[in-house]
Amino acid sequence: MAKYLLLKHYRGAPAPINDAPMDQWTPEEISAHVQYMNDFAARLEKTGEFVDGQALAPEGTWVRYDGEGRPPVTDGPFAETKDLIAGWMVIDVDSYERALELAGELSAAPGAGGKPIHEWLELRPFLAEHCSVTE
């Protein structure tokens, strides 16, 4: 099994087909989108392929270490909203092909008008288990 991260972007990726921003959706359209995501995750839980997933708020703070005994710096540079990550899902699948299949399916979550978004998702493999950040 190999773990993959599926990243959903607010902006910064190629435009989806159904490109109405979520802040312009009706409450029903937002509920349908969230339900699709929850149903997708529940189905993957049953197959053992779901690890975790979360939606993220558009707000955030940049933080940088600024030296021993000094408080972290929390001032700019700030990313534009289009570059922020909207959410993520971690899957654990048998192959890259399966990860592609699931990412494609997740891309079809409904958006404005109840039509599939066909959004671009960023598919990122985790570093192999034999690789370590501390090596």
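Helix 1 passes helix 2 in a right-handed crossing. In this predicted model, the two helices pack at an angle of about 155 degrees, and their axes sit 11 Å apart. Since roughly antiparallel covers angles over 145 degrees, helix 1 therefore counts as roughly antiparallel to helix 2. On the helix 1 side, the contact is made by Y36, M37, F40, R43 and L44. Helix 2 answers with R98, L102, E105 and L106.

Stepping back to the whole chain, there are two helices and four strands, laid out along the sequence as β-α-β-β-α-β. Buried residues account for 29% of the 135 residues. As for how far contacts reach, take those between residues at least 6 apart in sequence: 77% of them join residues at least 24 apart.

The four strands make up an open sheet, ordered 2-3-1-4, with antiparallel pairing. Strand 2 and strand 4 (122–125) are the edge strands, each pairing on one side only. From one strand to the next, the twist averages 15 degrees. Both helices pack on this sheet, each with its own set of strands. Helix 1 touches strand 1, strand 2 and strand 3, and its direction makes about 20 degrees with that of strand 3. Helix 2, for its part, touches strand 1, strand 3 and strand 4, at about 145 degrees to the direction of strand 3.

Eight bridges join it to strand 1, the two running antiparallel. Along that pairing, A2 has V93 as its bridge partner in strand 3, while K3 stands opposite D92. Strand 2 (residues 50–55) is also antiparallel to strand 3, and five bridges join the two. Here A55 stands opposite G87. Seven of the nine residues of strand 3 are buried, so the strand is largely enclosed by the rest of the structure.

Next comes the nonpolar core. The largest one has 17 residues, and L6, L44, M89, I91 and L106 are the members that touch the most others. The elements giving two or more residues to this core are strand 1 (2–9), helix 1 (27–47), strand 3 (85–93) and helix 2 (96–106). L44 and L106 also belong to the helix–helix contact described above.

M89 lies in strand 3 and has 5% relative accessibility; the cut-off for buried is under 20%, so M89 counts as buried. Setting aside residues up to four places away in sequence, M89 touches Y4, L5, L6, M37, F40, A41, L44, F50, D52, G53 and L106. M37 is one of these partners; it is 52 residues from M89 in sequence, yet the C-alpha to C-alpha separation is 9.6 Å. I91, with neighbours within four places again left out, is in contact with A2, K3, Y4, L6, L44, E49, V51, A99 and L102.

Definitions and conventions
Residues numbered from 1 in each chain as written. Predicted model: local features only at pLDDT ≥ 70, side-chain atom pairs only at ≥ 80, totals over all residues. Heavy atoms only, no water. Core = buried A, V, L, I, M, F, W, Y, C linked by side-chain atoms within 4.5 Å. Buried < 20%, exposed > 50% of the residue type's maximum accessible area, 1.4 Å probe, protein only. Contact = heavy atoms within 4.5 Å. Pairing = 2+ DSSP bridges. Axes fitted to C-alpha atoms, helices over the stretch in contact; angles between N-to-C directions. Parallel < 35°, antiparallel > 145°, perpendicular 65-115°, else oblique. Left-handed = near helix turned anticlockwise from the far one by under 90°.
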